[in-house]
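This report covers the salt bridges of one structure, shown below. The pairs are taken in turn, followed by the way they join.

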Amino acid sequence: MTMAGHTGRATAIACTYVEAIASKDIDTILEVSAEDVVCSSPIGKLSGTQAFRRFHEGFARMIKSVNILAVYGDDNQAVIVYEAETHPVPHAVTVELITISGGKIASTDVIYDSAPFAEYMATAKPH
């Protein structure tokens, strides 16, 4: 496994994926994801493109900007670190471990501090 730099197929797919997150391009997110994609995050585990679409549609509504900080990986896995500025939380650093199978994202483990989002939700008024 290569531990530095932007080398390998997984790192290229990870960059495409996060750039699509930044531009709120849900179609591209799904194009680089397997039909049975699995996503684990602090809010739970989901599988399949429909659930993954809903997950990213919700995140897209919150995003102001995304900046990729680092990408490491090889042909099978990538770790991508990015900073998201969102409406509820101005500074959210996120790490994703992305596993590739058949040229698509088979799984992603999303790691971020959910406490600031929970604090925001506790103060948000329902529409």
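## Salt bridges found

In this predicted model, a search of the whole structure gives two salt bridges. Side chains of opposite charge can pair when their charged atoms come close.

## Aspartate 27 and arginine 53

One of the pairs is formed by aspartate 27 and arginine 53, whose closest N and O atoms are 3.5 Å apart.

Aspartate 27 is partly exposed, at 46% relative accessibility. Arginine 53 has a relative accessible area of 24% and is also partly exposed; the cut-off for buried is under 20%.

## Arginine 53 and glutamate 57

Arginine 53 also forms a salt bridge with glutamate 57, with an N to O distance of 3.6 Å. Both residues lie in helix α3, where four residues, about one turn of the helix, separate them.

Glutamate 57 has a relative accessibility of 30%, so this residue counts as partly exposed.

## The network

Asp27, Arg53 and Glu57 are linked in a network of salt bridges. Arg53 takes part in the salt bridge with Asp27 and in the one with Glu57.

Notes. Residues are numbered from 1 along each chain as its sequence is written. This is a predicted model: local features need pLDDT of at least 70, side-chain atom pairs count only at pLDDT 80 or more; totals for chains, interfaces and linings use all residues. Side-chain values use heavy atoms; hydrogens and water are left out. A salt bridge is a side-chain nitrogen of Lys or Arg within 4 Å of a carboxyl oxygen of Asp or Glu. Buried means under 20% relative accessible area, exposed over 50%, partly exposed in between (1.4 Å probe, protein chains only). Helices (H or I, at least four residues) and strands (E, at least two) are DSSP runs, numbered from the N terminus.
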